[in-house]
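Subject: Structure handover

Hello,

Here is the structure for you to look through. My notes follow below it.

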There are 2 protein chains.
Amino acid sequence: MRVVVPFDDREPKTRLAPTLGADERAGLAAAMLGDVLAAVRDAGHTPEVLSTAPLDLDTAVTVDERPLSEAVNAVLGATDDAVGVVMADLPLATATAVSRLTDTDGGVVLAPGLGGGTNAFLARHPGFRVNYHDGSYRKHREQADTAGMTVGTVDSFRLALDVDEPRDLVEVLLHGEGQAVAWLREAGFELVADHSRGLRVER
Amino acid sequence: MRVVVPFDDREPKTRLAPTLGADERAGLAAAMLGDVLAAVRDAGHTPEVLSTAPLDLDTAVTVDERPLSEAVNAVLGATDDAVGVVMADLPLATATAVSRLTDTDGGVVLAPGLGGGTNAFLARHPGFRVNYHDGSYRKHREQADTAGMTVGTVDSFRLALDVDEPRDLVEVLLHGEGQAVAWLREAGFELVADHSRGLRVER
């Protein structure tokens, strides 16, 4: 099956602006992409990056400047084969987690993200299309139900954690095993106890 | 094995105060406890509640007024058998998720919570003790490593989601299947699109 990793390099991770400068956000985004590509490869697949701009990577890159949903739907519409799509901002993704996605039964298999997104999916049904805005997980379920597609889900914390806000970096420092956690440590981030909430990151 | 569900009815869920009154927070906490007990039962275990005060439940309740870590450690110290401990504020817990905890190999098996907590664990090693404050997941791993216990982990979004803040209610409304989501709907909560972040709850 094809496994596609969409990547938008235009304004990466603006909600991390309180914590990281623009160049740093781009650096972290690249590290997270590296972690996702490694997880997909280690799970036995050949990832393809679907990017808004050319990237210098040791991986096939297709450039599509359209908005995310349009670009992904162009991929889905071009084949009747199964297509997996894994977001690029999942620095806790592992080969095991990716394999749980691809091994789960269903015409469409969804891995929910925190906050209602769809962080990864596998479309075996050729009619599935994405709509990523405003709580896509619910929309994708509804679409599948309406169209009579069977739906599988993957209960994975590692796939649920997309990095959007400074507090998400806590999870990367705690559970990361790849490039993103190394990038954060190199940038001087560490975990400190925060008595009201457990842990927060500090630099 | 014993499966213990600690429950503190003294000041439940104070970080939900912007959204719910004190009586409501107690109502939601009871509903979440009900969901956890159902998940444990459906996984084939007989849950025991470890509560700070007597509760009127159709489940064995042990009252221990000590702080959480002391009360759990008293349970762990009283037996050499395996003990599972599942927090009471995990309204997305399912029998499958509980079984993944109990089926995972390790002298101690940890299910991390968002923010660095330990939302559930299974201690097969009789020497394991808990320390729940300020990022317990890291402490529990360190303790196990130092003592030479093998550590298993459970990669579960359903076990990672403990309800502390209003934004956590989004996940309950999206993925809940039991009493807590019914309680929230009855109380008038629903999901609305929030263009910056996907979804939020509104009443």
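How many cavities of 30 Å³ or more does a search of the whole structure find? The search finds one. A cavity here is a set of points on a 1 Å grid over the protein atoms alone where a 1.4 Å probe fits but cannot get out.

Before the rest, some ground rules. This is a predicted model, in which local features need pLDDT of at least 70 and side-chain atom pairs count only at pLDDT 80 or more, while totals for chains, interfaces and linings use all residues. Residues are numbered from 1 along each chain as its sequence is written, chains are lettered from A and ligands numbered from 1 in the order in which they are written, and side-chain values use heavy atoms, with hydrogens and water left out.

The cavity

The largest cavity holds about 50 Å³ of space; a volume is the space filled by probe spheres set on the grid points, which are joined across faces, edges and corners. Its lining residues (those with an atom within 4 Å of a point) include B:Leu76, B:Asp81, B:His125 and B:Phe128. By class, the lining has five nonpolar, two polar and three charged residues. Nonpolar means Ala, Val, Leu, Ile, Met, Phe, Trp, Tyr, Cys and Pro; charged means Asp, Glu, Lys and Arg; the others, Gly among them, are polar.

The two chains

The same surface serves both copies, as 100% of the contact residues of chain A recur in chain B (contact means heavy atoms within 4.5 Å).

The sheets

Helices (H or I, at least four residues) and strands (E, at least two) are DSSP runs, numbered from the N terminus. Two strands pair if DSSP finds at least two bridges between them.

In chain A, seven strands make an open sheet with mixed pairing, in the order S3-S2-S1-S4-S6-S5-S7. Why is one side of S3 and of S7 in chain A left without a neighbour in the sheet? Strands S3 (60–63) and S7 (151–153) stand at the edges, and each has a single partner strand. On average, neighbouring strands of this sheet are turned by 25 degrees against each other, direction ignored.

Strands S5 (residues 108–112) and S6 (residues 118–123) of chain A run antiparallel and are joined by five bridges. One pair there is A:Val109 with its bridge partner A:Leu122 in S6(A). Helix H3 (residues 95–103) of chain A packs on the sheet and touches S4, S5 and S6 of chain A, with its direction at about 45 degrees to that of S6(A). Such angles run from 0 to 180 degrees between N-to-C directions, and the axes are lines fitted to C-alpha atoms, for helices over the stretch in contact.

In chain B, S5 (residues 108–112) and S7(B) pair in the parallel sense over three bridges. B:Val108 stands opposite B:Val151 in S7(B).

A loop residue

A:Asp134 is not a glycine, yet has a positive phi of about 55 degrees. A:Asp134 sits in the loop between S6 and helix H4 (136–146) of chain A.

Regards

How values were computed. On a 1 Å grid over the protein atoms alone, a cavity is a set of points where a 1.4 Å probe fits but cannot get out, and a pocket is an open set with protein on both sides within 12 Å along at least five of seven lines; lining residues have an atom within 4 Å of a point.
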